[in-house]
Structure formats: C-alpha cells, structure tokens
Amino acid sequence: MKFLLYSLFFVILTSTSFAYAEEYIIDIPIGAYNPELNTVAEVWYDPPQLFVTVGDTVTWYNDDKEGHTVTSGEGSGRFGWMSDNFGKPNGIFDSGRFMPGESWSYTFEDSGVFSYYCTIHPWMEGILIVEKQIPDYPHDATGTKLEFPLLQYTPDRNIEVNLSWDPPVIKTHEKIQFVYQFYDPQTNSNLAEMKYNFIIFQNGQEIFRDDEGLSQIGGDYRNFVFSDSGSIVVRIEGIQSPSIFAEESVTVFGDVESKEQRSVDFTTAVYDNPEKTSHETYHTKPAQRLTTYYELMLFIILVPGVMFLVAMFWLKKKPKIQDDTPGAIKI
C-alpha cells in the first residue's frame, strides 16, 4: 500500500505543465550605464519589477551605449559602488556581458523572488517574481481535467463512491469542502448510514484522518484547510454498514476482510495561494451528526406501533360479559 501511495506522488511530480509558457521583454534603456541623478534613464531595467509564472521566458534587450550583464543577486544601490560595494551574485543565473543591440534570455523553472543586477554597473537593479502556474480547472495526478462528480468503485465492486470539492482549484489557506456519496451499483440506490474512514495524504505524508465517518442521508462532507502546497491523495476506506437499524434496501451487507477492498483513492494538487498566507480554524467535519437521530426516529415510530398492537391484542382477548335484557317473567 505504501508503494502504491508513493507511486501516485511520483506521477504527480513528473506530470506535464498545465498552460503554455509566455515570453516577456525587459529593456535596458539608454543612460542606464550612468549612475548620476541627471541620467536620461528613469529606470535601470524597464520594467524594474515583473511578475511571471514558472516556465515563462524573459528576454533582456540592451538599448544602452555600453555592455551589461543580468546577474542574480544583490546590487550595490545607486551609490554603494563608491564604498567598494560592487554587488553580491548568488549563482542562480548570469548572462555574462552582452553588448548594445544584443539580448539574453532565461527561462524560469522555479518559483520565487529573484533580484538581479549588472556586475559592470552594480547600481543597476531589477526584480522578478516568479509564481507557480495555477490552472483554472480541477485535475488529477497527471494533470488531466476532471468533471465533477468523480466516480470510483471499491475493489470488490460493491460500492460506488462519488466525490467533488469546492472550490474546484485547491489553494492554501482556503476552506475546501469535500462532498461525497455512496451508492449500491446494482440498484443505483443511495447507501444510508455507512461507516468509513476519511484520510488525506500530502507529499507522501498523512496529514488528516477521521476514523468516525458515518454517512448521512444523501451523503456526507468534510471541510479542510491546507497550509502547504503539493500533491494530495484523498482516501475513503473501510466503507461498510455498522448498524442493524440500517434499511436493507439501501445498505450493502457482507463481511469486510480488509479495509482495502472497500477503499477508493482520488488525487489532485494544492497550489500556493498568492492572496493569503494564513487562515483561521475551520470545522473539519459536520458539527452535528445524525447517528442518534436514526435510532430516535425508529424509536418514535416503533414504540407507538408496538403499543397499538398490544392494545389490539388485549381487546381481542377481553372476555365478553352477558348482557341480560330486562322484561316480563315467563311463568
């Protein structure tokens, strides 16, 4: 089972991109070589700050009068070079010197904030913010688009499980509601009061488990908020009927020898939320369960019924009393 779980995460990590890459241009304007305040250049790199996504390519064009570099790291600031501060490269990327009229391109494969400068003119500084690609549709481990509700059968083919979640694209620090239902595939009937375990794995580690799941009429749900991005597996396991009060017409019986024979896995991914960095605490499951209400409803229905039957039985067994009609005495 662990081998299968880690195999799923390997598929997710090696899946293809979800969108076509874009190309961006940054211009090195004339006068960028001059640190003086009266230089004609309003910025050293134009634009000085740029937002792109992973897989995008940025091309720098040298429209200045001198050669320049595009080197990742921290520059000196406008006048830092006067105190022997010529910047500090960090080795992520370096164009080397390219002359006026030439260009240099770089494709960003990792997300993050990348500051850069010119090693020849260390006052020239720019910054790139590279964000992860976030698709606008739900997808599975391979990046294949999904249509809700998802459908899977347990390995013994006795139970059909439907699952969907909202919002469809999962991001960190947002409440996600997983909604699911159980069906008998033979009769297409909704399965009431089914016991199950609800588990979430992320990046190969179990991060949530609820071993007290009990489906309500029409299905069940769980709320969850992810703190970290990465691939996830949603597992619903050990699905079975635990109650003698469950309706026979909508309940799958039979001994479950292992949880795996009544388990299903669904895969997707969680993305970093560019708008939120924290979240409040949410209920991870329904605050009120219907476990006792099944028994209570049956109690309310059965007790009056039994009392009615007892009363009818007593009336039938009650002895008849001779009723003598008053009248004349016959001599």
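1. Let me start with Asn188, which counts as exposed at 57% relative accessibility (exposed is over 50%, buried under 20% and partly exposed in between, using a 1.4 Å probe and protein chains only). Asn188 also has a positive phi of about 60° although it is not a glycine. Its place is the loop between strand S12 (175-184) and strand S13 (189-190); strands (E, at least two residues) and helices (H or I, at least four residues) are DSSP runs, numbered from the N terminus.

2. A word on the ground rules: this is a predicted model, where local features need pLDDT of at least 70, side-chain atom pairs count only at pLDDT 80 or more, and totals for chains, interfaces and linings use all residues. Residues are numbered from 1 along each chain as its sequence is written, and side-chain values use heavy atoms, with hydrogens and water left out.

3. For the overall picture, the protein has 2 helices and 18 strands. Of its 331 residues, 41% are buried. Among contacts (heavy atoms within 4.5 Å) between residues at least 6 apart in sequence, 70% join residues at least 24 apart.

4. Arg157, in the loop between S9 and S10, has phi near 65°, a positive value in a residue other than glycine. The peptide bond from Asp46 to Pro47 is cis, with omega near 5°, and Pro47 is found in the loop between strand S1 (23-28) and strand S2 (49-53). A cis peptide bond also joins Asp166 and Pro167, with omega about 0°; Pro167 sits in the loop between S10 and S11.

5. Now to the sheet. An open sheet is formed by 5 strands in the order S11-S18-S17-S14-S15, with mixed pairing (two strands pair if DSSP finds at least two bridges between them). Strand S11 (170-171) and strand S15 (205-214) stand at the edges with a single partner strand each, so one side of each is left without a neighbour in the sheet. Strands of a sheet pair through backbone hydrogen bonds, either parallel or antiparallel.

6. S11 and S18 pair in the parallel sense over 2 bridges, and Lys171 has Tyr271 as its bridge partner in S18. Strand S17 (residues 230-240) runs antiparallel to S18, and 7 bridges join them. Bridge partners in S18 include Val264 for Ile236 and Val270 for Gly230. Since 7 of the 8 residues of S18 are buried, this strand is largely enclosed by the rest of the structure.

7. On to the salt bridges (a side-chain nitrogen of Lys or Arg within 4 Å of a carboxyl oxygen of Asp or Glu): a search of the whole structure finds 8. One of them brings together the side chains of Arg262 and Asp156 at 2.6 Å, N to O. This pair links distant parts of the chain, 106 residues apart: Arg262 is in the loop between S17 and S18, and Asp156 is in the loop between strand S9 (150-153) and strand S10 (160-166). Arg262 is buried, with a relative accessible area of 2%, whereas Asp156 is partly exposed at 22%.

8. Arg235 and Asp265 meet in another salt bridge, at 2.8 Å, N to O. Arg235 lies in strand S17 and Asp265 in strand S18, so the pair ties together parts that are 30 residues apart in sequence. Arg235 is buried at 7% relative accessible area, while Asp265 is partly exposed at 23%. Elsewhere, salt bridges that share partners join Glu206, Arg209, Asp211 and Glu237 into one network.

9. Arg222 and Asp220 also form a salt bridge, with 3.6 Å from N to O. Both Arg222 and Asp220 are buried.

10. The structure holds 1 cavity of 30 Å³ or more; on a 1 Å grid over the protein atoms alone, a cavity is a set of points where a 1.4 Å probe fits but cannot get out, and lining residues have an atom within 4 Å of a point. The largest cavity has a volume of about 30 Å³, a volume being the space filled by probe spheres set on the points, which are joined across faces, edges and corners. Residues lining the largest cavity include Pro135, Tyr137, His139, Ile170 and Thr268. Strand S18 (residues 264-271) gives the largest share of that lining, 3 residues.

Note on methods. On a 1 Å grid over the protein atoms alone, a cavity is a set of points where a 1.4 Å probe fits but cannot get out, and a pocket is an open set with protein on both sides within 12 Å along at least five of seven lines; lining residues have an atom within 4 Å of a point.
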